[in-house]
Amino acid sequence: MAVERTPGGSSLIDVLDRVLDKGIVIDAYVRVSLVGIDLVTVEARVVVASIETYLKYSEAVGIGPSRSRELTSPSSSEEMDRVMAENAELKKKLESLS
Amino acid sequence: MTEEGSGNVTGKYVYCIIKSSEPRDFGRIGIGEGDNQVYTVHHEDLAAVVSDTPIRIYDPTRENVLAHEFVNETVMRERTVIPMSFGTLFRTEDDIIELIKSTYHAFDDVLQKMEDKIEFGLKVLWDRDRVIETLEEENEEIARLKDEIDRNAQSSTYFARMQLGRLVESALEDAGNRYVRDIHESLKPAAVASRSNKPIGDRMILNAAFLVERDREKAFDERVKEVSRKYEEALSFRYTGPWPPYNFVNIKLKLEKVGS
């Protein structure tokens with residue numbers, strides 16, 4: 001039997017995986033600041049810090065279940081850096097929420 | 001936290017940015033209670049999709065994140081969206097116009113790149129123990145070592161066991177990579193782009209997102225079904241979407257002092 005597609009919003013984990021730190025992201029500090037700042041009257045504005053789009057087909061390398069190779073292969077260590085940065089960011093976000 | 005006085009202070013929750021010059025009303029589907037009508041705030045040909053809300057910090061509860069996602073999915077049916085990450089509030093409509101003004105080129109550029117593209121999620125899991133059983137039968141080296149260990153039950157088999165463990169580990173990795181490569185090869189012709197996130201847990205061998213042209217949705221569907229049928233004995237697939245292109249857009253915004 002072939003797999004059936006389920007709508008995006010039907011899995012909370014998949015939703016959380018996306019909405020918390022992807023798309024247009026304002027860091028937690030600014031997010032909290034914004035609700036107290038009137039951008040029009042206060043001398044501050046929201047600007048783009050970085051912008052990335054991913055329009056390439058990334059070949060899957062070294063994403064097998066073993067962890068050891070991931071650290072040594074370059075494409076995966078980049079991935080690891082990204083995940084660690086994401087991790088740190090999420091932790092920060094979580095702290096700010098509690 | 002910033003609710004002042006009577007708690008009547010309202011702000012705007014922002015869900016996503018779209019290209020649109022016409023005001024739009026998406027109905028009462030917004031986050032939170034009360035008047036959660038979802039509508040658009042415009043600057044030139046871009047618009048933010050928003051709803052009114054008391055000024056507050058939204059916790060990422062089930063109800064809240066699903067409301068955020070539901071609005072995005074609704075808007076996505078008729079527009080290309082750049083999704084906002086969860087929980088972004090602005091105080092006034094003018095603030096949002098200021099936001100679009102100062103980020104116009106970035107938003108406009110990304111909207112063009114994402115035009116008529118949607119995201120799909122694919123997670124692939126395997127039964128590790130079952131794969132190991134198969135490996136023990138099919139891989140000669142593993143079978144030989146296992147046999148040796150079984151036959152020498154009385155004497156020390158420490159070294160053989162270590163070797164066996166390493167062999168199984170690397171054979172597993174090879175098998176996983178083979179599956180993943182083949183799945184990617186099968187889906188590539190129907191997708192514009194793909195991204196691999198880190199698999200979660202021991203059972204997952206692939207945690208990927210694919211960006212697909214709207215009019216290739218059926219073709220992509222077919223390919224996912226085909227590859228899931230091919231491996232139905234060994235792997236289980238979790239296929240989700242369409243999603244806004246969360247995994248393919250990353251715009252980080254920060255606050256800057258005017259004049260600095």
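The contact between chain A and chain B (heavy atoms within 4.5 Å) takes 67 residues from chain A and 97 residues from chain B. The model is predicted: local features need pLDDT of at least 70 and side-chain atom pairs count only at pLDDT 80 or more, whereas totals for chains, interfaces and linings use all residues. Residues are numbered from 1 along each chain as its sequence is written, chains are lettered from A in the order in which they are written, and side-chain values use heavy atoms, with hydrogens and water left out.

**Area between chain A and chain B**
- About 7700 Å² is buried between the two chains, and carbon and sulfur atoms give 58% of this area; buried area is the accessible area (1.4 Å probe) that two parts lose on being put together, summed over both.
- A:Arg5, A:Ile24 and A:Tyr57 supply 12% of the area that chain A buries against chain B, more than any other three residues.

**Polar and charged pairs between the chains**
- Six salt bridges are found across this interface, a salt bridge being a side-chain nitrogen of Lys or Arg within 4 Å of a carboxyl oxygen of Asp or Glu.
- A:Glu4 forms a salt bridge with B:Lys225, with the closest N and O atoms 3.9 Å apart.
- Between chain A and chain B, 31 residue pairs are in polar contact, both residues at pLDDT 80 or more; a polar contact is a pair of N or O atoms within 3.5 Å, where within protein one must be able to donate a hydrogen and the other to accept it, and residues adjacent in sequence count only if both atoms are side-chain atoms.

**Strand pairing across the interface**
- E2(A) and strand E11 (residues 249-257) of chain B pair in the parallel sense over four bridges; strands are DSSP runs of E with at least two residues, numbered from the N terminus, and two strands pair if DSSP finds at least two bridges between them.
- A:Ile24 stands opposite B:Ile251 in E11(B).

**Domains of chain B**
- Chain B is divided into domain 1 (4-115) and domain 2 (119-246), with bounds from an automatic or database domain assignment.
- The centres of these domains, taken over C-alpha atoms, are separated by 39 Å.
- In domain 1 of chain B, 13 residues are in contact with eight residues of domain 2 of chain B.
- The area buried between the two domains is about 760 Å², with 61% given by carbon and sulfur atoms.
- B:Glu69, B:Met76 and B:Pro83 supply 55% of the area that domain 1 of chain B buries against domain 2 of chain B.
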